[in-house]
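User: Could you walk me through how the copies in a model like this are arranged, and how they touch?

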Protein chains: 4
Amino acid sequence: MLKKLTQEQLAAVLEAGIAEFAEKGPERASMGAIARAGGLSVGVLYKYYADKEAFFSACLERSLDALRQALREIESRDGHILSGAEAAVRAVQRFAREHNAYLKLYLRLTADCAGPYARRLADEIEGISSELYRARIASARESGDVRDDLDPGLFAFFFDNLLMMLQFSYCSDYYRERFRCFCGGAAEDDELVAAQLLRFLESAFTFSRADVRHELREGEPS
Amino acid sequence: MLKKLTQEQLAAVLEAGIAEFAEKGPERASMGAIARAGGLSVGVLYKYYADKEAFFSACLERSLDALRQALREIESRDGHILSGAEAAVRAVQRFAREHNAYLKLYLRLTADCAGPYARRLADEIEGISSELYRARIASARESGDVRDDLDPGLFAFFFDNLLMMLQFSYCSDYYRERFRCFCGGAAEDDELVAAQLLRFLESAFTFSRADVRHELREGEPS
Amino acid sequence: MLKKLTQEQLAAVLEAGIAEFAEKGPERASMGAIARAGGLSVGVLYKYYADKEAFFSACLERSLDALRQALREIESRDGHILSGAEAAVRAVQRFAREHNAYLKLYLRLTADCAGPYARRLADEIEGISSELYRARIASARESGDVRDDLDPGLFAFFFDNLLMMLQFSYCSDYYRERFRCFCGGAAEDDELVAAQLLRFLESAFTFSRADVRHELREGEPS
Amino acid sequence: MLKKLTQEQLAAVLEAGIAEFAEKGPERASMGAIARAGGLSVGVLYKYYADKEAFFSACLERSLDALRQALREIESRDGHILSGAEAAVRAVQRFAREHNAYLKLYLRLTADCAGPYARRLADEIEGISSELYRARIASARESGDVRDDLDPGLFAFFFDNLLMMLQFSYCSDYYRERFRCFCGGAAEDDELVAAQLLRFLESAFTFSRADVRHELREGEPS
DNA sequence: AATGAATGAGAATTCATTCAT
DNA sequence: TATGAATGAATTCTCATTCAT
């Protein structure tokens with residue numbers, strides 16, 4: 001009996017598929033090209049995956065596993081919300097550098113408005129992070145670490161928006177160029193970007209106009 | 001020499017193209033269907049645009065013209081940077097509601113990593129807003145309206161990121177679903193969203209940890 | 001405007017299709033080969049026929065039109081049932097020589113047990129001839145031209161069976177060879193075959209054992 | 001040297017093949033499915049049969065063996081030619097009911113105009129029955145049991161044609177439907193069909209117009 | 001110059017056949 | 001020697017692009 005597709009081969013086609021799907025889009029990606037890139041024949045590919053659709057799903061699943069894994073790592077961190085944010089920012093930067101293609105694919109799917117995945121994907125992925133962030137924000141609010149004049153959902157939404165855009169700015173040609181447009185060489189300096197974003201977030205998270213006024217008043221002599 | 005298409009005809013195909021591209025995606029959009037919908041024959045379409053790619057690019061350009069127009073309106077406003085931000089947020093909301101298809105198309109562009117236009121278009125489009133925002137921030141910094149501990153480029157970048165994501169959250173199926181994941185029904189309440197985002201921005205723009213400490217100290221009796 | 005497929009071209013592809021379907025069978029027939037043989041590109045073929053199935057149906061319809069036409073010619077003849085039979089036999093011979101491919105196709109379809117056409121075809125084609133023959137036999141019986149001890153349906157069935165086999169014996173390789181096996185060179189001699197078959201039929205049609213006995217008795221002197 | 005497949009295994013694949021070929025047709029029948037159904041691996045199947053074509057041929061051969069066997073049983077019968085015909089008709093009916101798939105396959109063969117086996121098989125199979133029938137007719141003619149105004153070959157041919165069509169009328173969907181078209185419910189009544197066919201044959205076999213006239217004359221008083 | 005019919009390259013998918021194990 | 005996984009040629013069908021009218 002011939003050995004089944006080894007784990008390496010399997011991983012290879014999936015990676016090839018992710019790259020091709022990310023690069024060309026699900027429609028223009030060619031199963032033939034993927035098989036070749038993955039080092040096997042179309043035939044086997046179709047032995048393991050019923051059709052393009054099924055194979056695409058498998059590629060997607062692989063990408064999402066990595067995404068979820070990354071999320072879970074951030075999730076596990078305790079401590080001050082800002083250090084959580086820092087962990088998230090760093091994770092985003094690392095993930096974007098390491099799994100460029102995964103994010104390209106993810107970005108493409110989010111852009112394909114008519115895509116049959118939009119809804120399911122959104123619920124599956126964003127469900128995790130939205131829940132995570134909201135909970136974190138709620139508990140931080142209780143301990144007085146964050147302002148209390150913002151809706152936790154919207155608060156989490158704005159935060160995640162900043163992370164998403166950062167992610168994309170590392171992987172899509174368009175967003176990378178845009179990043180450079182805005183920031184010039186600073187775009188290459190991960191440390192700088194992280195530090196500045198955290199400073200931006202710290203303020204947004206922490207200080208409400210009311211608080212500041214209040215603190216000032218508090219500080220005043222009676 | 002070709003008799004130019006009348007302005008109406010041109011507008012008609014481009015709008016037809018925008019609608020079709022936004023709906024079906026660049027791959028599944030059919031040049032034939034677009035020509036028909038625009039009241040032209042494929043032949044003429046190909047007289048004016050070298051190929052599908054070029055035509056897509058033209059549709060995009062038209063969408064972006066509208067975007068630029070909206071930007072210019074904001075640009076013209078003077079006054080405090082926060083009222084500028086408010087104008088921008090409102091503009092984004094209005095534009096997203098009115099020109100759904102334009103934004104879908106724009107989103108697609110940003111996701112098409114292999115698109116040969118990505119780079120050029122990024123420079124062209126984002127160049128405007130980045131310049132605008134940076135200048136505004138610089139002048140606001142001089143007048144003490146915004147913090148001075150952030151790189152103006154990154155500052156502008158973070159701001160624009162929030163606007164971009166808001167935009168997309170109104171037009172793509174994926175981002176709309178994500179919006180709901182995070183915010184529930186609040187996603188439908190433009191006023192609430194605008195107000196909360198502005199509050200978030202105000203803090204991020206205005207208060208640095210140093211300032212707050214400083215102000216507290218300043219407020220203390222000698 | 002380019003001319004639509006001319007009638008000749010249309011006829012040409014259909015003939016090419018009939019030939020290919022008859023030769024290779026509906027599955028193995030290649031649309032590409034048919035288009036080439038018919039002198040046009042696959043593209044046009046698919047412009048005029050939605051898919052292989054639809055094109056096959058069109059080929060079939062063309063064949064059946066010819067068959068029906070031939071039947072109608074026989075049908076119109078009046079007179080003695082044996083002269084009707086003679087007309088039928090001659091028609092079968094002429095048709096088989098002229099429209100070899102049509103009959104090959106027809107034979108193939110009748111052999112494809114699982115084919116989706118079996119039922120419909122049978123009803124459509126055989127309905128005509130069975131009705132025709134039965135009516136003819138019934139009237140011939142009334143006028144005493146044929147025996148009256150056979151069920152008209154079975155009678156017609158046996159008659160048509162002989163015609164069918166004769167038909168096939170002129171067109172399929174197998175049946176032609178079989179024909180030669182049985183009859184040697186006589187198989188080539190249409191006149192001889194027709195004459196002998198008619199003699200065979202005359203007896204089968206006309207004389208029942210009872211009649212013969214009866215006639216003998218009748219002829220006897222009292 | 002290959003160890004031969006055991007008789008059981010051989011019989012199993014061939015039967016599986018016959019069933020699959022009869023059901024799906026030679027094109028859509030899958031070698032893989034047949035091997036599986038027959039309890040072998042594709043590999044072995046291809047060790048024993050060069051290709052699909054060759055295997056199909058072997059299945060056919062097996063079917064035909066059964067046919068020949070049935071023929072031989074009829075052959076052995078002596079006696080009046082009409083009782084031989086009766087035996088043949090009954091054998092056809094029994095065989096058709098019992099070995100449906102064999103006949104379907106045989107029918108397919110006769111329809112496959114391009115089949116490279118058509119010729120050879122026709123010679124092989126039809127050679128037997130044509131020889132048998134011709135001899136029988138010749139001896140019957142000598143003993144005055146059948147008319148003498150027909151070519152023995154054509155005579156045998158017409159007779160076999162009637163048997164063949166009867167056979168097919170019991171097994172192919174098309175011919176079964178046609179049978180019903182012509183005969184209605186009578187098609188189900190084997191006894192009736194046999195009786196009527198024999199009556200038809202008796203006349204065709206026995207009475208020539210000349211004979212009848214002659215007998216009449218003979219019967220006349222001098 | 002405009003038309004839209006025709007072209008044909010290219011993509012998905014199947015399955016007979018091979019061949020490494 | 002048996003296995004059944006892997007191969008890849010061949011087929012259907014689509015649609016961007018061309019070009020005869």
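This is a predicted model: local features need pLDDT of at least 70, side-chain atom pairs count only at pLDDT 80 or more; totals for chains, interfaces and linings use all residues.

Analyst: Residues are numbered from 1 along each chain as its sequence is written, and chains are lettered from A, ligands numbered from 1, in the order in which they are written.

User: How many residues do chain A and chain B bring to their contact?

Analyst: Two residues are in contact if their C-beta atoms, placed from the backbone, lie within 7 Å. Chain A contributes 65 residues and chain B 63 residues. On chain A, the elements that each supply at least two residues include α1 (7-28), α7 (118-142) and α10 (190-206). The largest share, 10 residues, comes from α8(A). Helices here are DSSP runs of H or I with at least four residues, and strands are runs of E with at least two, numbered from the N terminus.

User: What classes of residue make up the side of chain A that touches chain B?

Analyst: There are 32 nonpolar, 12 polar and 21 charged residues on that side. Ala, Val, Leu, Ile, Met, Phe, Trp, Tyr, Cys and Pro count as nonpolar, Asp, Glu, Lys and Arg as charged, and the others, Gly among them, as polar. Because 97% of the interface residues of chain A are also interface residues in chain B, the copies meet through the same surface.

User: And what about chains C and D?

Analyst: Their contact takes 65 residues from chain C and 63 residues from chain D. On the chain D side, α8(D) gives the most, with 10 residues. By contrast, no contact joins chain A and chain C, whose closest C-alpha atoms lie 21 Å apart. Chain B and chain D have no contact either, with their closest C-alpha atoms 32 Å apart.

User: How many helices and strands does chain A have?

Analyst: Chain A has 11 helices and zero strands, and its C-alpha trace spans about 85 × 35 × 30 Å along its principal axes.
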